[in-house]
Amino acid sequence: MKTVDINNIKIIIVDNYEQMSKKAAAMIEAQVLLKRNSVLGLATGSTPEGMYQELVKKYQENEVNFQDVTTFNLDEYYPIASDSPQSYAYYMHEHFFKHVNVREHYQNIPNGSNTNVEETCQAYDRAIEASGNIDLQILGIGTNGHIGFNEPDVKFEAGTHLVELDEETIEANARFFEHIEDVPKQALSMGIRNIMHSKKIILMASGQNKAKAIRAMLKGPVTPELPASILQLHQDVTLIIDEAAAGEL
Ligand code: F6R
């Protein structure tokens, strides 16, 4: 393991995906031990799968208890039914919630099936604020530098909003669908304000295909064209990345 700071961001470089997953799980465990009623911001996708596995193991071994924890997921496809196997609601259930004791009422994911998008987004923002904001936000990063589904744009979006997914994101996520045409073209995502109001942020990345985005977010200008670059302005961000993702630093 190596540690280095770049532009106010703490970076932990580990050998591989497994070590990244273990480190991130250890940090969530510590957060919940220190504050039982923590508000956790959660991500989906390939990156955090191993972290969820580690957390489930810790829960089964009675090392961590999620009884008083509240969770907010970053994003959800739109439109999608929550019981669709491609929905992030389904992902969270399969990888995490069905194995641990986060209370159902305390699990929050943007509602991808409400046709009133405005209402869904405002309700999500209000719920995050009412919880006192997120204590620890877990992020992955897109190959185009997106966080949540905040895609490269000419401006940063503040609150939860409807997003037109980038072609690059649709291609990257096609692996979870039978045909690329089945990937929804839109999603609901927390905005940059929601993410920046989190007290602590952990961003995980594994693999060479993330190396360019990691370099740009750390060493490039802060710009909505590379949404993750905004994290240079947050006071408590830790990156946990493997050697391959750190390959261009
Ligand atoms: C998922 C999310 C996205 C992913 C990113 C990387 O909830 O917010 O920003 O973290 O697209 O995806 P993977 O981990 O599949 O490479």
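## The second largest pocket

Let us begin at the second largest pocket, which has 14 lining residues, and Ser82, Ala89, Glu104, Gln107 and Ile109 are those nearest its centre. Its volume is about 260 Å³. Helix H3 (88-97) and strand S6 (107-108) each contribute at least two lining residues here, and H3 gives the most, with 3 residues. By class, this lining holds 6 nonpolar, 6 polar and 2 charged residues.

A pocket is found on a 1 Å grid over the protein atoms alone: it is an open set of points where a 1.4 Å probe fits, with protein on both sides within 12 Å along at least five of seven lines, and lining residues have an atom within 4 Å of a point. Grid points are joined across faces, edges and corners, and a volume is the space filled by probe spheres set on the points. Ala, Val, Leu, Ile, Met, Phe, Trp, Tyr, Cys and Pro count as nonpolar, Asp, Glu, Lys and Arg as charged, and the others, Gly among them, as polar. Helices (H or I, at least four residues) and strands (E, at least two) are DSSP runs, numbered from the N terminus.

## About the model

This is a predicted model, in which local features need pLDDT of at least 70 and side-chain atom pairs count only at pLDDT 80 or more, while totals for chains, interfaces and linings use all residues. Residues are numbered from 1 along each chain as its sequence is written, and side-chain values use heavy atoms, with hydrogens and water left out.

## The largest pocket

Now for the largest pocket, with a volume of about 500 Å³. Its lining is made of 28 residues, and Gly45, Ile141, His146, Asn173 and Lys210 lie nearest its centre. Helix H5 (residues 167-173) gives the most to this lining, with 4 residues. Sorted by class, the lining has 10 nonpolar, 14 polar and 4 charged residues.

## A three-stranded sheet

Next comes an open sheet of 3 strands, ordered S5-S9-S8, with antiparallel pairing. Strand S5 (75-78) and strand S8 (161-164) are at the edges with a single partner strand each, so one side of each has no neighbour in the sheet. From one strand to the next, the twist averages 30° (axes are lines fitted to C-alpha atoms, and angles run from 0 to 180 degrees between N-to-C directions).

Two strands pair if DSSP finds at least two bridges between them. S8 and strand S9 (residues 186-189) are joined in the antiparallel sense by 4 bridges, and Leu162 sits opposite Leu188 in S9.

Pro79 belongs to the loop between S5 and H3.

How many of the 6 residues of strand S10 (residues 200-205) are buried? The count is 5, so S10 is largely enclosed by the rest of the structure. Here buried means under 20% relative accessible area, exposed over 50%, and partly exposed in between (1.4 Å probe, protein chains only).

S10 runs parallel to strand S7 (residues 136-139), joined by 4 bridges, and Gln137 has Ile201 in S10 as its bridge partner. S10 also pairs with strand S11 (residues 237-242) in the parallel sense, over 5 bridges; there, Ile202 is partnered by Thr238 in S11. Together, S10, helix H7 (residues 211-219) and S11 form a right-handed β-α-β unit. Right-handed means that, with the strands pointing away from the viewer, the path from the first strand over the helix to the second runs clockwise.

Ser198 is in the loop between helix H6 (192-196) and S10. Ser198 is buried, with a relative accessible area of 1%.

Strand S1 (residues 2-6) and strand S2 (residues 9-14) make an antiparallel pair over 5 bridges, in which Val4 stands opposite Ile11 in S2. This hairpin has 2 residues between the strands, and Asn7 takes a positive phi near 50°. Asn8, in the loop between S1 and S2, has a positive phi of about 75° although it is not a glycine.

Asn133 also has a positive phi, of about 75°. Asn133 lies in the loop between helix H4 (117-130) and S7, and is buried, with a relative accessible area of 19%.
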